[in-house]
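Welcome, and please take a moment to look over the model below.

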Amino acid sequence: MATIFNDTQMTEFKRLVARYPEGKQKSALLPALHLAQDSFGGWLSTETMDYVASLLTIEPIEVYEVATFYSMYNLKPVGKFVFEVCQTGPCMISGSDNIIDYLKKTLDIKPGETTKDGLFTLKLVECLGACGYAPMMQVGKIYKEHLTKEKVDSIIAEYKAQAANN
Amino acid sequence: MGVKLLLDKANVPGIRTYDVYRREGGYRSVEKALKEMTTDTIVEEVKKSGLRGRGGAGFPTGMKWSFIAKPEGVPRHLVCNADESEPGTFKDRYLMEFLPHLLIEGLIVSSYALGSNDTYIYIRGEYAWITDILEQAIDEAKAAGWLGKNILGTGFDCNIHVQRGAGAYICGEETALIESLEGNRGNPRIKPPFPAIQGVWMRPTVVNNVETLAAIVPIINLGGEEYAKIGVGKSTGTKLISACGNINKPGVYEIDMTITVEEFIYSDEYCGGIKDGKKLKACIPGGSSVPILPANLLLTTAKGEPRYMNYESLSDGGFATGSMLGSGGFIVLDEDQCIVKNTYTLARFYRHESCGQCSPCREGTGWMEKILQKIETGKGEMSDIDLLWDIQRKIEGNTICPLGDAAAWPVAAAIRHFRDEFEWHVNNPELSQTSNFGLQHYADPIHVPA
């Protein structure tokens, strides 16, 4: 995959930069990295980060230091679907441990790993602001809440079907 | 039924859209503020209202606004803090998701009062779908003439931009948020200079929480004095509480700060009691950073008086026997919960979220996490408890930003009130892996266990 934004992505990138005062284009770095991650396979390679640096006319190191600071940027390849399961206090007291164990067993991977078919990555994360609807996980832009083992089964089936249809 | 000023229209079908919101009386405060009020009188009304920052610190909003510097020729900015990341807190999410126009309305009035022509909403990166909702609301408001150039023919220009963060609790701290908005790591700045003097791009900046800015709407509509009549003492107006944990009805509730904690937990109008008929053990009433209280000190103060859901009452007794209203993240723990494990998960959270600038926080949070994990997994020694106490004391007050305090307080309170449970873990390394300490000393004194 060539690391160059297509026309739609470039239009969005320009919209992001235009929100800030002239000369302050670095402010668009976080949104630009989201866009780059979504555009180039779900993670940020060095090549991708260097491309973003060149677009914003900043040094590559300025991009690396930001990309390594924030937890939503993936610095290595991930599966097609990333299950980010919350494990902080409110989710823990509502049973997130059981959900994490069940996901580990069902997907047969440890947190941080990706299934052999490349479909699912399991990631343990800290509080996502869904405490009243715990236990929960984030998959892409979507929150999956009030998780039970049955619900986890149907979520996995849903994404498997989605992958098969593409 | 208490007074509702923010969520009174939350259940109106279609309220998320501009047309319904406007039909229900939305954007009246913009008309009133821009046509009938000056920027100074708006700040005066906010001062009179007694509104205190709803993000957690509770600093008077009107006073914060009055600090903004107005150097000639330098743009000023209002930044809305929508980085809601304090464990237990999900009220801003609710407000933005279901009443996006209420926030936009509050932002327009506040931007006018502060002289901000470009206002930013900094939203936590995980709330991606809410970013779309807000951007749609902004487009609708702009199409209807409430944003853009020369609003209502007053000559006031205003645009609102939404920027997503990317996963960092620390960016809820206002100077870290500003750094992040500038495209940097979220490392808090040393104050002074305060953002009101040098904030984003070194320009005068006010950073306010989502709920605070939404509350500007009823303040303008009612007038500051009328708003201040709701509530009690210095806890004026209404507060959103996000209730979670082992209760029957988790969710977001608007309260007028005159109800008791007991009513909030047990009444069907709010939490609806403890789940599965279990007993209340403890509660963290204002987001994970505030001190945890055992049931007896939660429901009544040390003097034996009922405790109320407001700033003063929840902090009655200081940290020795009280807590804080904080962000309104109300986490309830039932009799089956282990205080050691709960404290461990929170310590892990703060270690994960420490930006690493200050040694006491960077090293201390990791150290506390390791010791708590040791005790939780049955490998703890009695001296570990004193060591934990010592570490938290050396973090508190010794860091650039309040994350250090926020990491220290939950550990301190857990040891202060539940030391016997920590000792039980140390003394029963095997038993503690299969059962828990339960309620031994801290049963709810009102709802006496059957």
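## Chain A at a glance

Of the 166 residues of chain A, 40% count as buried, where buried means that 20 or more other C-beta atoms, placed from the backbone, lie within 10 Å of the residue's own, exposed means 12 or fewer, and partly exposed lies in between. This is a predicted model, in which local features need pLDDT of at least 70 and side-chain atom pairs count only at pLDDT 80 or more, while totals for chains, interfaces and linings use all residues. Residues are numbered from 1 along each chain as its sequence is written, and chains are lettered from A and ligands numbered from 1 in the order in which they are written.

Chain A has seven helices and four strands; these are DSSP runs numbered from the N terminus, with helices being H or I of at least four residues and strands E of at least two. Starting at the N terminus, their order is α-α-α-α-β-α-α-β-β-β-α. The domain assignment, automatic or from a database, gives domain 1 (7–67) and domain 2 (81–165) of chain A.

## Where chain A meets chain B

The contact involves 35 residues from chain A and 45 residues from chain B, two residues being in contact if their C-beta atoms, placed from the backbone, lie within 7 Å. On the side of chain A, helix H2 (29–39), helix H4 (60–67) and helix H5 (89–92) each give two or more residues. H2(A) provides the largest share, five residues.

## An enclosed helix in chain B

Why is helix H8 (residues 174–181) of chain B largely enclosed by the rest of the structure? Eight of its eight residues are buried, including B:Glu174, B:Leu177 and B:Leu181. The buried residues of H8(B) pack against H2 of chain A, and also against strands S1 (77–82), S2 (118–123), S4 (156–164) and S5 (205–209) of chain B. After H8(B) comes B:Gly183, with a positive phi near 90°.

## Two crossing helices

Helix H6 (residues 100–114) and helix H9 (residues 210–222) of chain B pack at an angle of about 75°, with their axes 8 Å apart. Axes are lines fitted to C-alpha atoms, for helices over the stretch in contact, and angles run from 0 to 180 degrees between N-to-C directions. H6(B) and H9(B) are therefore roughly perpendicular to each other, a term for angles of 65 to 115 degrees. Among the residues making this contact are B:Leu103 and B:Leu107 of H6(B) and B:Leu213 and B:Val217 of H9(B).

Conventions
Parallel < 35°, antiparallel > 145°, perpendicular 65-115°, else oblique.
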